[in-house]
Amino acid sequence: DEVLSHRLGLIPLTGNPAGLRWLQQYRKPTDEDPVGSGVQDVNTVVMKLKVECTKADNYDELNKKREDDPRLLYKHAHVYAKDLEFVVSGRQDTFFSGEANQIKPVHPDILLAKMRPGQCIDMEMHCIKGIGADHAKFSPVATASYRLLPTISITKPILGNEAKKFARCFPKGVIGLEEVSRGEAKQKGSGYEGHEGEKKAVVKNTFKDTVSRECLRHPEFEGKVKLGRVRDHFIFMVESTGQYQSDELFLESVSILKEKCASMKRGLAEYTR
């Protein structure tokens, strides 16, 4: 069944990080290399799936009540990723022994198939390690993006109800409200003269800003605020599919990029000799 095979092939698997690093990439046979790397414990993980749909023990009772939920009427009416069973092979026992370290789906509740009594799935799957350049399913990153750090400069005082409205123009935590101090109220040219104790808008955390520029739509804030971005401050957002932590993925990607740059530098040096 190609539909079931496709769903199984896209299930993200995880396990002991040290074991995942120990695993090597499987090399397929080619015309130049008819043998390839062969199936070994160091490059292939075996998973089994054996489930059969049967009637529930209280099926007759539920049927009389006209129950129509198949998950109550039958056992294994729905097959989930948690039904996959890891089979230890050779030296894999060193890295993937125990519940916490064994190979398993990142999300156990991924629906794989729906069955009815008389249907059964019995299969053995071979999982291999790859990179995103071979197929997107091998990429440990779901989404990755970056943005520049926003800057918000309040050039003229924003007080009272205007300060509250100004804060609502930004995500929570970006703009705060503070009372005008006595020193600020006495300082000539500060714009706070005579406003001691009133609430003023202050910038708290621009990291949380989504750069919606909502405040620029309101005429009362015209000339009082300036928005921009720090051109050399990048905020990376990396979402992992579960095999590695996001910070590990970023550091590893930087390491690989440095290796590629060094390789290109060496190649250029040899080319210009």
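## A tyrosine and its neighbours

Leaving out residues up to four places away in sequence, Y26 touches S37, G38, V39, N43, T44, I128 and K129; touching, or contact, here means heavy atoms within 4.5 Å. Y26 sits in the loop between α2 (17-22) and β2. With a relative accessible area of 24%, Y26 is partly exposed. That label covers the range between buried (under 20% relative accessible area) and exposed (over 50%), using a 1.4 Å probe and protein chains only. Y26 and F236 are 210 residues apart along the chain, and their C-alpha atoms are separated by 31 Å.

Some notes on reading this report: the model is predicted, so local features need pLDDT of at least 70 and side-chain atom pairs count only at pLDDT 80 or more, while totals for chains, interfaces and linings use all residues. Residues are numbered from 1 along each chain as its sequence is written, and side-chain values use heavy atoms, with hydrogens and water left out.

## Strands side by side

Helices (H or I, at least four residues) and strands (E, at least two) are DSSP runs, numbered from the N terminus. Two strands pair if DSSP finds at least two bridges between them. Strand β2 (residues 44-52) pairs with strand β9 (residues 120-128) in the antiparallel sense, over nine bridges. Within this pairing, K50 stands opposite D122 of β9.

Strand β2 also pairs with strand β6 (residues 85-87), again in the antiparallel sense, over three bridges. Which residue of β6 is the bridge partner of K48? That partner is E85.

Y146, F234, F236, F250, L251 and V254 make a nonpolar surface patch of about 600 Å². The elements giving two or more residues to this patch are β13 (225-240) and α8 (246-271). Helix α8 provides the largest share, three residues. Patches are made of residues with over 30% relative accessible area and no salt bridge; like charges are joined within 9 Å, and nonpolar side chains (Val, Leu, Ile, Met, Phe, Trp, Tyr) within 5 Å. Accessible areas come from the Shrake-Rupley method with a 1.4 Å probe, and for residues only the protein chains shown count as cover.

V254 is found in helix α8. Its relative accessible area is 33%, so V254 is partly exposed.

## Two arginines with positive phi

Most residues other than glycine have a negative phi. R66, however, has a phi near 60 degrees, a positive value in a residue other than glycine. R66 is placed in the loop between α3 (59-64) and α4 (70-73). Is R66 buried or exposed? R66 counts as exposed, because its relative accessibility is 75%.

R213 has a positive phi of about 60 degrees although it is not a glycine. The loop between β12 (199-203) and β13 holds R213, which counts as partly exposed at 43% relative accessibility.

## A buried serine

S190 is in the loop between α7 (182-186) and β12, and it counts as buried because its relative accessibility is 18%. What does the side chain of S190 reach at 3.2 Å? It reaches the backbone nitrogen of Y192. Leaving aside its neighbours within four places in sequence, S190 is in contact with P157 and E184.

## Salt bridges

Side chains of opposite charge can pair when their charged atoms come close. A salt bridge is a side-chain nitrogen of Lys or Arg within 4 Å of a carboxyl oxygen of Asp or Glu. The structure holds 13 salt bridges. One of them joins K75 and D57, with the closest N and O atoms 3.3 Å apart. This pair links distant parts of the chain, 18 residues apart: K75 is in strand β4 (residues 74-75), and D57 is in the loop between β3 (54-55) and α3. K75 counts as partly exposed at 37% relative accessibility, whereas D57 counts as exposed at 73%.

D69 and R71 also meet in a salt bridge through their side chains, at 3.3 Å from N to O. R71 counts as exposed, with 53% relative accessibility. Another salt bridge joins D109 and K82, whose closest N and O atoms are 3.9 Å apart. D109 lies in the loop between β7 (104-105) and β8 (111-114) and K82 in the loop between β5 (78-80) and β6, so the pair ties together parts 27 residues apart in sequence. D109 is exposed, with a relative accessible area of 55%.

Technical notes:
A polar contact is a pair of N or O atoms within 3.5 Å; within protein, one must be able to donate a hydrogen and the other to accept it, and residues adjacent in sequence count only if both atoms are side-chain atoms.
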